[in-house]
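Please look over the sequence and the model before reading on.

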Amino acid sequence: MRARLAVAVAFVAGVVATALLARARVAIVLVVCEALFAALAALWVSPTWRAAHPVATRLAQTVMTVDALGVVSAFVSTSVNGNLEAGVSMTIVLLGLSFLTGSSGQISLGHGAFMGVGAFAAAIWANHHAHSPIVIALLAAVVAGAAVGFLLGLPATRLRGPYLAGMTLAFAVAFGSILNAFSSWTGGDSGLQLPTAVSAPRWLVDLLPPSDSPLAAATVWLSQISLVVAGVALFAMSNLFASRVGRSMRLVRDHDVAAELAGVSLPRARVVAFVISAAYAALGGALSTLVNNSVSPATYGFALSITILALMVIGGIGTIPGAMIGGLIFAYSTSSISWITARLGLNPQGNLASQLNGIIFGVLLVGAIVAAPMGIAGAGRQLARRWRERHHLRAN
Amino acid sequence: MQGTVRRRAAALASAGALLMGVVVTAAPSGAAPATPGVTATQVTIGATVPLTGIASQGYSEVAKAANAVFKWVNSHGGINGRKINFILKDDCYGTPGFGCTGNPNTVQLTKELISTPVFATVGSLGTPTQDSVRSLLNSAHVPQLFVNSGSKDWNNARVYPTLYGWQPSYTVESKILGWYINRHLANQRLCFLGQNDDFGANGLLGLKDMRINPVDTIMYDPAGLVTGGAGYFAPFIKKFLSDSCQIVYLDTIPGATDAALASALQLGYHPQWIISSVGSDPVTVAAPFAKAPFPDPEIGALTFTYLPTSTATNPWNAWMRKVLLADKADFPTFTASTPIDGNMAYGEGWGVAFAGYLKAAGRNFTRASFLKVMNSTTLMTPALQPLRYSQTNHQGLTAGYIVKVASATSATVVDPTVYTTSPTAATTLTKVTKLSMTVPAWLH
């Protein structure tokens, strides 16, 4: 009860502070966002409510995250928004891979290529249907990703372990040549540009400070779109993890014979996992095409697939926070590595600096495998549990 | 339990307070300046270039050499009272992977440059990378000047009125080399190895325009080179040998040139190499063979250049050396006897071009008036041919001469006549008589 009161007080204080602002329209939007946030938070703090309404809890969690990040994105620089967008796209891809590995126990070394399928599908669709809404292009990418996932998933019913990994590896390596073979569609080495750049709607431009350039407004708008899309993907995935499908997948992962005895069709479960996973990767790719307003084949080379795999392991396999942490690492890896290089005074073309990305990812990967097999998310969860236990003991 | 709830509430409250703080500080700032990136004392420009990653070897010097020119003019009073501030962003050639610091994103880096703001992007490098930002820069009305690539994509003034190329197109280059082949190496068997993109395709187009049909035509994938190294090229070169080609024409980047030369060396195959300017720079190509017990295998190869060779008598050579010697920050090991390699000359070439147009634009200019001046001013730069654009032609340079690699550090001119040709199917070459052989007084 006291908690709800505190939230209500914080909310009222926020409303008062906001109303004092000169820009009334900004205040209204903020009040709406805050009201939503506070209302959901008030529900969220109650453990009994959470236990009674698992789906609604997940929804509240998702809306709160999207809401908070959405408000913040309006106040940060173009470059931070760019990192946010990159991180969000990668989070979606990682959700897909996390589902495949964490739930069904299959390994994919080709998720960079699945991402590329979505990226190119969205670009090709947009180039042939210049006036179709963004949602349609994203859906087209999801369908394309799912279709390719299905095709590659079929052999997955017969292959296992390293053979399956080898097949996805082959796809990742061949992806560039496949794009080149269809260069009249994919634009060959130059890639594709979208016919029209996404621009911010009138109401958002009015909300932002008048000194903001159209580019800054468009960047904020793209962040909002990315966050909403990610929210939908996140909500669907969190339910899937907890659903019958998710449970049967985990059974397949842990003991396939037991799963078969329990009535789970192994081939079906494996293909379904592949399709869902590829569709998520494609959605992430389509989103980054939208954000970059273009797609280039070099982006979806083999190295990306390995990066994605490393990010998943470092973040935490099979968990949603793990995917988010992976996305965050991806978004800030470039700028933090150049920061380290500058700080250490390394020659950026020297042997050490130019391999720093590989070294840092390698160390993180090995460190995660040795010290925290469930990644940063798993380690965090474990620490929190231990802390809670100790706290509990002392209280007693 | 109570404690947890209270903490959570406190966290929420502080998050709310934080939000409010952000809102208050986000007050609208002052009016934007008349021309973005231009103040009373400074012009800010930027570029995305590969300072690290697979394409950085050699290419990382290009923008730094241009910046050496800017530093030179800045230390001599600037241009029309303004100094040039050049921001470089490392986009790793847009190719992620080992050897590249991070996950390159040309689009995001370009957005950062636009919001800096910069007056223009100048000398950004790469065909696919710059293709990916041309509509972005066009819609933001930011000029995209002197793209470092020989693709034809930069000469499309109708769709991209603020986009300008600089170096001769791959087709023009191979047409001039093709003309030389027809004249001096006629009736010899020629094999072609090119990069599997615009570079190889446009280069081959130029040869075909000159009625040259290679015995073998092989297109390589740069990714295969990354994973397979020189071994990836061995079967190609073996095929050229078994088809007894006397001439091997390469449309390759420097690393690929090295792989081809090494494969041939292993087979004891010594054809007449003809190499595109993109992958023939003697210093860059010789580097991997520096410790080998045999002479640089590139010696004797024919290539094309639109810049003065370091051994040519050209007043720009002394000037370029002076500028590089003055820049101790980016060229600390450059001495009076260090050879000026092709990448340095290339960067200084468009560096002078930007400084020159900025001078011609006068003290008061906008983006539109600057581009108008570009379209109507012929400029003397280190390139052999005076630089000239027009309202409809944004290609830039179109002429050069044939040179022969003479040592690990230099090339000599085979024929000092500078030729130009049209990128169309015409088979004729035109002599360029008015050359850029004087360093303007304001650069001294």
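## A buried ring and its partner

In this predicted model, B:Phe370 has a relative accessibility of 0% and therefore counts as buried. B:Phe354 is likewise given a relative accessible area of 0% and is buried. The centres of these two rings, B:Phe354 and B:Phe370, lie 5.8 Å apart with their planes at 40 degrees, so the pair is classed as tilted. Because B:Phe354 belongs to helix H13 of chain B and B:Phe370 to helix H14 (residues 367–376) of that chain, the pair ties together parts that are 16 residues apart in sequence.

Ring pairs also link both residues into a cluster, whose members include B:Phe70, B:Phe86, B:Phe119 and B:Trp350.

## Aromatic pairs across the structure

Over all chains, a search of the whole structure finds 30 aromatic pairs. One of them joins B:Phe146 and B:Tyr357 in a stacked arrangement, with 6.4 Å from centre to centre and 25 degrees between the planes. B:Phe146 lies in the loop between strand E4 (144–145) and helix H6 (170–184) of chain B, while B:Tyr357 lies in helix H13 (residues 342–361), so this pair ties together parts 211 residues apart in sequence. B:Phe146 counts as buried at 0% relative accessibility, and B:Tyr357 counts as buried at 0% as well.

## Chain A as a whole

Chain A contains 19 helices and 2 strands. Its radius of gyration is 22 Å, close to the 21 Å that the globule rule gives for 396 residues, so chain A is as compact as a globular protein of that length. Of the 396 residues of chain A, 48% count as buried.

Notes. Residues numbered from 1 in each chain as written. Chains lettered and ligands numbered in written order. Predicted model: local features only at pLDDT ≥ 70, side-chain atom pairs only at ≥ 80, totals over all residues. Heavy atoms only, no water. Helix = DSSP H or I, 4+ residues; strand = E, 2+ residues; numbered from the N terminus. Rg over C-alpha atoms; globule rule 2.2 N^0.38 Å. Buried < 20%, exposed > 50% of the residue type's maximum accessible area, 1.4 Å probe, protein only. Phe/Tyr/Trp six-rings, centres within 6.5 Å; stacked < 30°, edge-to-face > 60°.
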